[in-house]
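Colleague: I would like to learn how to read helix packing and a chain interface from a model. Please take one feature at a time.

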Amino acid sequence: MATQFGWKKIRDYLSLIVTALFLLGLAYINVISGLGLIDRYYNGILILVMVNVILAVSLNLINGITGQFSIGHAGFMAVGAYVSALLSIHLRWPFAAVLVAGMAAAAVMGVVVGIPTLRLKGDYLAIATLGFGEIIRVVIVNLDITGGPRGLPGIPPKTGFFVAEALAALTILVISNLINSAHGRAMLAVREDEVAAETMGVNATRYKVTAFVVGAAFAGLAGGLYAHYMMFIDPKSFSFFKSVEVLVMVVLGGLGSVTGSILSAAVLTYLPEMLRQFAMLRMVIYSMLLIVMMLVRPQGLLGTWEVSQAFRDLWRRRETGEAGRRDVHGIA
Amino acid sequence: MALLEIKGLTKAFGGLLAVSNVDMAIETGELVGLIGPNGAGKTTIFNLVTGVFEPTRGEITFDGCRLNGLKPYQVTKHGIARTFQNIRLFQNLPVIENVKIGYHLNAKSSLWASMVRFPILREEREITQKAREFLSIFELDYRADELAKNLPYGEQRRLEIARALAARPKLLLLDEPAAGMNPQETQELLNLIRWVRDQFSLTILLIEHDMSLVMQLCERIYVLDYGVTIAEGPPAEIKRNPKVIEAYLGEEAV
């Protein structure tokens with residue numbers, strides 16, 4: 001038992017060190033970015049990392065926390081992207097206003113799609129959300145105002161690294177708060193056992209729709225940021241493959257772990273860039289890594305573990321000194 | 001007036017009458033048993049009372065309110081909690097979180113407030129504190145941070161009862177609480193049920209196949225066979241009732 005106790009302690013300290021290094025790295029990036037010393041290529045990657053962090057964390061609320069298997073996230077992102085871009089181009093609304101409008105539009109879409117489809121379970125829900133994502137894409141292709149398949153150019157470049165970073169941080173904060181509240185607990189209960197959750201007084205339908213709408217709103221935010229960074233959007237950017245990309249981030253990071261979603265969104269955004277030197281083999285290596293990962297750790301990088309747990313455990317040990325005793329009974 | 005009153009309750013699944021014209025009345029503070037051979041419709045009655053199924057005909061009144069057509073979570077709000085025949089815990093959540101769900105009804109923070117608050121909130125702390133105290137009543141506090149699925153069987157049963165009671169019900173429905181338990185565990189369970197009834201001033205209705213438990217524990221028993229009530233009364237009477245003996249052992253045994 002002593003070794004188990006030791007290992008847990010080491011793991012907790014290790015995660016503190018990694019977090020500290022991560023924050024230091026982030027601070028360094030902020031400083032050089034603030035001084036204008038970062039080159040445009042890396043600046044772009046960093047913004048896309050932030051956009052993907054928002055997407056992954058928000059999809060995790062739906063798939064990982066509430067257990068509703070949705071693969072239509074790119075659809076909500078597209079709604080946010082097009083609504084905010086069109087408002088910027090035609091009405092010249094301020095950036096903050098178009099982002100909020102994009103979120104609101106995506107949230108409304110979340111209600112419209114959520115209420116009928118969330119009575120479906122598992123595979124059926126997945127197919128319904130997939131269908132929704134495709135419908136959005138086809139609608140965009142066939143509308144005039146969206147520029148159809150040619151895409152929508154001339155979006156003012158307004159997404160900088162700092163804005164993207166701040167909004168990613170906000171997303172993480174809001175969604176973690178939600179998860180750690182009584183409402184988040186109700187969502188977890190729905191994931192674990194819908195019937196039992198209902199008999200404990202949890203309105204399962206309401207929480208499924210809530211998770212869906214909150215997740216959709218943040219996907220809309222990510223879409224708005226993306227549009228105002230790329231300055232050009234087309235329906236291809238929001239295809240089924242984008243939904244799958246976000247889903248892979250969530251599953252790889254660990255369904256239900258916000259820390260895992262952040263980590264894997266960052267890694268999976270940067271990895272394809274890092275692999276550019278292998279040219280043709282790039283996507284092969286990327287896919288191989290995913291396959292190996294799923295074979296070795298099917299529960300994802302971090303499972304359901306959160307970095308905050310390390311802090312809490314260390315704090316409790318300091319405060320009471322009894323954690324060692326509790327670990328004797330502990331299994332994990 | 002009785003706390004739970006069931007009148008002419010009928011549930012048809014297609015052509016099959018799972019429950020047919022059942023009347024029941026349970027007074028506040030009673031400990032009532034519901035027995036009958038497999039497939040007699042006992043769990044169906046639980047599902048009808050808790051809103052999992054909607055009755056085909058009949059009335060369910062609890063504490064003066066009509067429960068027909070309410071959803072399970074609405075029934076819970078009226079003060080009915082239950083456990084399941086096949087344990088339904090929130091397996092991948094820690095033991096303490098399983099109990100905390102019970103405080104769900106009393107949590108006041110709105111959705112918006114939950115999203116913008118600072119990570120540590122007073123309400124959450126209070127809930128955690130209460131949940132720990134609650135677990136210690138059931139001698140599960142030393143398991144608080146373990147995942148529910150890692151508990152041994154007997155403790156899972158106990159946790160399910162604890163979780164149901166965390167919702168502060170007036171009526172507790174127990175569906176085969178002693179299933180899969182050895183005689184010693186059954187005896188402990190019997191003491192636990194008696195104790196929680198007094199401690200929480202509960203009314204309890206329980207389904208059970210373990211006759212020694214039912215006969216020792218219940219003050220009154222309803223016997224169901226093929227969806228119909230065939231007998232009702234105190235344990236001593238039920239034991240001698242020829243209809244009951246026939247239902248359990250066959251006609252020749254009478």
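Modeller: Start with handedness: a crossing is left-handed if the near helix is turned anticlockwise from the far one by less than a right angle, and right-handed if clockwise. In this predicted model, α10(A) passes α12(A) in a left-handed crossing.

Colleague: At what angle do α10 and α12 of chain A pack, and how far apart are their axes?

Modeller: The angle is about 35° and the axes lie 11 Å apart, for α10 at residues 240-253 and α12 at residues 282-296 of chain A.

Colleague: Which residues of α10(A) and α12(A) meet?

Modeller: From α10(A) come A:V248, A:V251 and A:L252, and they meet A:L290, A:M293 and A:M294 of α12(A). By class, this contact holds 6 nonpolar residues, no polar and no charged ones.

Colleague: Now the interface. How many residues of chain B and chain A are in contact?

Modeller: Contact is counted for heavy atoms within 4.5 Å. On that basis 39 residues of chain B touch 32 residues of chain A. The two chains bury about 3,100 Å² between them, with 61% of it on carbon and sulfur atoms.

Colleague: How many salt bridges cross between chain B and chain A?

Modeller: The rule finds 2. One of them joins the side chains of A:R185 and B:E97, at 2.9 Å from N to O. On the chain B side, α2, α3 (95-100), α4, α5 and α6 each supply at least two residues that touch chain A. That side of chain B has 18 nonpolar, 9 polar and 12 charged residues.

Colleague: How many residue pairs are in polar contact between chain B and chain A?

Modeller: The count is 7, with both residues at pLDDT 80 or more.

Definitions and conventions:
Residues numbered from 1 in each chain as written. Chains lettered and ligands numbered in written order. Predicted model: local features only at pLDDT ≥ 70, side-chain atom pairs only at ≥ 80, totals over all residues. Heavy atoms only, no water. Buried area = accessible area lost by both parts, 1.4 Å probe. Salt bridge = Lys/Arg side-chain N within 4 Å of Asp/Glu carboxyl O. Polar contact = N/O pair within 3.5 Å; in protein donor to acceptor, adjacent residues only side chain to side chain. Helix = DSSP H or I, 4+ residues; strand = E, 2+ residues; numbered from the N terminus. Nonpolar A, V, L, I, M, F, W, Y, C, P; charged D, E, K, R; others polar. Axes fitted to C-alpha atoms, helices over the stretch in contact; angles between N-to-C directions.
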